[in-house]
Amino acid sequence: MIILSPPMTAPPHRSPASSSTADLFAAACGHARRTAVLGSVESLLGWDEQTMLPRAGGPHRADQATAMAAVVHGLRTDPTQAERLAALAASPMATRGTPQERAALRLLKHDADKQSRLPVRLVEELARAAVEAQQAWVEARASSTWSALRPHLVRMFALKREQAACQRPDLDPYDALLDDYEPGARWQRLAEQFAPLRAAVVDLVGECGTAIRRPDESILTERLYPVESQRDFVREVAGRIGFDFGRGRLDTTEHPFCTTLGPDDCRITTRWNERSLPTALFGVLHEAGHGLYEQGLSREWYGLPPGEAASLGIHESQSRLWENLVGRSRPFWEWCFPLARKAFPAALDDVDVDRFREALLAVRPSFIRVEADEVTYNLHVLLRFDLERAVVHGDLAVDDLPAAWNDRFERDFGMRPPDDAHGVLQDIHWSAGLIGYFPTYTLGNLFAAQLMEAARRAVPDFDDQMAAGRFVDLLEWLRREVHAFGRTLESEPLVERATGGCVSGDWLVRSLRDRYGPAYGL
Ligand code: ZN
């Protein structure tokens, strides 16, 4: 059960012209918060669908999701709210308010204008298509049957193109979709940032592949790590880095994610594999990193842009920073390895911290993105970025996706997926209508590497603190430099302000070389 606060009442009907600016602003914020509360009910339906829903409950869930989407869309396009925002945009607050007030006004108006350009019929169709496609995806992936998903993706890409044209007719259609996840980002700039990264990663993967020395990852993937022990272990690690279990939960799912159902209710999820410790451990470090960001956003501004995440790229920078830059570091394991040994005595009895930590740096091209190592991960993402863009731009037919996927995969990884479950069917994103989402993963890696270098400069005794299991100074730096800004800055200015450097892939390439080179004797 979710407690609705503030109570769900109709927005006050008051003539904007007769209200003072402060009253108008309070009314606009109240409306936005009520909308956010209803949006969080939609999120709750989504969380339940991914963790608990029995298969037969799918059709009714589609009805629920469709009904909620229409209600939320109604609130987001409420004409009274639009009048308030228009009046506020012309008020002195728009230029002389606090930075939070100005950002709240500007972004509420921007969002409302964008929403109002979407017909309610399209919003409902998108919600229904997403639920139906995701149900089909589960079956299609399990049986590796492309034909079971194909019609759903044809419909979804068509709906998304329609959405792009309605929502941002001024933008390239792919940029219009991308803008939902990474405000201000444009695909051409991303393509420029990503091209040198792709080349550098392909080189590094090649060097690791032919290196004489290589980490022994079998200790992580071929020994028995009982799931019950994993549950306790990953909970302890997530709690130590700062995830507040009093304001969040960890549950089991097929495709791990983090979602926030309210300022004090952040849900992270994982899957378990008793033969692979990294699956849940790094999955949870990743999702807890998202959770730390959500738990660090302003409660005072809940439901309003200063209390919202800046972008998905920034979100992903937080998860990747904890997963890879903290969780695969030597100092982290100085603290954590004794805990791991205690949790899994049979598996780790004959292993020392150095051998264990090197095993975490294994680079091994594989078919599945969510199981990819840190180095090859970006190649998986860039493949999806290029393919989905080609479909949106009309340069590639949905029918040709499986073959295009396999060809590109073979070029970048030197191997061809044995079936579509290991290729085009592996991700939920396109079925869920999340088109334009993938590039934010790699952006997150760029931002994370850059933020981590700045944090290292700012926090004294950085490595000693980690080796003592102390992460509070790093978390506080992130709270101050990233979380506190909410959505008041777009991602690039936010990262540049926090780090004092221009955003580029150089930091990530350097970080990968610095950490993986020694493990491979490069
Ligand atoms: Zn993530």
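**A helix pair, and what can be set beside it**

Author: Helix α19 (residues 439–458) and helix α22 (residues 491–499) cross at roughly 25°, and their axes come within 9 Å. Helices here are DSSP runs of H or I of at least four residues, and strands are runs of E of at least two, numbered from the N terminus; axes are lines fitted to C-alpha atoms, for helices over the stretch in contact, with angles from 0 to 180 degrees between N-to-C directions. The model is predicted, so local features need pLDDT of at least 70 and side-chain atom pairs count only at pLDDT 80 or more, whereas totals for chains, interfaces and linings use all residues. Residues are numbered from 1 along each chain as its sequence is written, and side-chain values use heavy atoms, with hydrogens and water left out.

The pair α19 and α22 is therefore roughly parallel (under 35 degrees; over 145 is roughly antiparallel, 65 to 115 roughly perpendicular, the rest oblique). Their crossing is left-handed, the near helix being turned anticlockwise from the far one by less than a right angle (clockwise would be right-handed). On the α19 side, F447, Q450, L451, A454 and R457 meet S491, V495, A498 and T499 of α22, where contact means heavy atoms within 4.5 Å. These residues divide into 5 nonpolar, 3 polar and 1 charged (nonpolar: Ala, Val, Leu, Ile, Met, Phe, Trp, Tyr, Cys, Pro; charged: Asp, Glu, Lys, Arg; polar: the others, Gly among them).

A second pair can be set beside it: helix α1 (residues 21–51) packs with helix α3 (residues 79–89) at about 135°, their axes 10 Å apart, and α1 and α3 are therefore oblique to each other. Here too α1 passes α3 in a left-handed crossing. T21, L24, F25, A27, A28, H31 and A32 of α1 meet Q81, R84, L85, A87 and L88 of α3, and this contact holds 8 nonpolar, 3 polar and 1 charged residues.

Elsewhere, helix α12 (residues 277–296) lies across strands β1, β2 and β3, running at about 165° to β3. The zinc ion has H286 (NE2), H290 (NE2) and E316 (OE) as protein donors, 2.1 to 2.2 Å from it, spaced H-x3-H-x25-E in sequence. H286 in α12 and E316 in helix α13 (residues 312–326) are 30 residues apart, a pair that links distant parts of the chain. Donors are N, O and S atoms within 2.8 Å of the metal (3.2 Å for Na, K and Ca), and water is not among the atoms, so sites may look incomplete.
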